[in-house]
Amino acid sequence: MSQTLRDGSRVRIRPIASADRESERAFIAGLSDESRRHRFLGQISAPSERMLDCLVNIDPIHDAALVAVTCEADAERIVGAARFSSDPDAVNCECAVVVADQWQGQGLGTALMRHLIDIARARGIERMYSVDMAENADMRELAMYLGFRVRAEPGDASLVVYELPL
């Protein structure tokens, strides 16, 4: 599905596919150190092959993963990604979203999360949550805008948990 962003640019939001492996690698490598640290809760310079396997080969029963792509020189480039993974009973799911630094502030994270929330609701999931660094002001703003509640992560003051009843 096509999405128009605040600046008028357009992206296509679609499910991730195993064929996106190299695009996903390039997307993660192109993130700033801060964006990678916020997304993965620690510093990574590049995704491992195992991590890429997990990111592009999802379990269609318990997971959902969307990418926002733009077409450049007749090739798609990933500029944002959002995903969730549910518990075995599909009652709760943990979510994550990341947007390429130069695409931030245009509403792309909001659009990706809204589509992800719709998928979770359609599957009957009751609660979506995200564990994030307390310092991540962009995630805090997005979570509050989307109606997530925030609570401290017990035992780790550097983390917070955002929760959304579905």
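**View 1. Cys-71 is an exposed cysteine.** Welcome to this predicted model. Let us begin with Cys-71, whose relative accessibility of 56% makes it count as exposed. How many disulfides does a search of the whole structure find? The search comes back with zero. For background, a disulfide is a covalent bond between the sulfur atoms of two cysteines.

**View 2. Cys-93 is a buried cysteine.** The relative accessible area of Cys-93 is 0%. Cys-93 takes part in no disulfide, and the nearest cysteine sulfur belongs to Cys-95, 6.3 Å away. A disulfide would need the two sulfur atoms within 2.5 Å.

**View 3. Ala-90 sits in the loop between β4 and β5.** Here β4 covers residues 75–86 and β5 covers 92–99. Is Ala-90 buried or exposed, or something in between? With 25% relative accessibility, Ala-90 counts as partly exposed. Look at its backbone too: phi is positive, about 55°, although Ala-90 is not a glycine. As a rule, most residues other than glycine have a negative phi.

**View 4. Helix α2 has its buried residues along one face.** Which residues of α2 are buried? They are Ser-35, Arg-36, His-38 and Arg-39. Seen down the helix axis, these buried residues fall within an arc of 165°, so they line one face of α2. In general, an α-helix has 3.6 residues a turn, so residues three or four places apart point the same way. The cover over the buried residues of α2 includes helices α1 (21–30) and α3 (49–56), together with strands β4, β5 and β6 (127–133). Just after the helix comes Leu-41, with a positive phi of about 55°.

**View 5. His-38 is a buried residue of α2.** The helix that holds His-38 spans residues 33–40. His-38 has a relative accessibility of 11%, so it counts as buried. Which residues does His-38 contact, leaving aside neighbours within four places in sequence? They are Met-133, Glu-135 and Asn-136.

**View 6. Pro-47 lies in the loop between α2 and α3.** Pro-47 is buried, its relative accessible area being 7%. Once neighbours within four places in sequence are set aside, Pro-47 is in contact with Arg-25, Ile-28 and Leu-52. Take Ile-28 as one of these partners: the C-alpha atoms of Pro-47 and Ile-28 are separated by 7.2 Å, and the two residues are 19 residues apart along the chain.

Note on methods
Residues numbered from 1 in each chain as written. Predicted model: local features only at pLDDT ≥ 70, side-chain atom pairs only at ≥ 80, totals over all residues. Heavy atoms only, no water. Buried < 20%, exposed > 50% of the residue type's maximum accessible area, 1.4 Å probe, protein only. Helix = DSSP H or I, 4+ residues; strand = E, 2+ residues; numbered from the N terminus. Contact = heavy atoms within 4.5 Å. Arc of directions from axis to C-beta.
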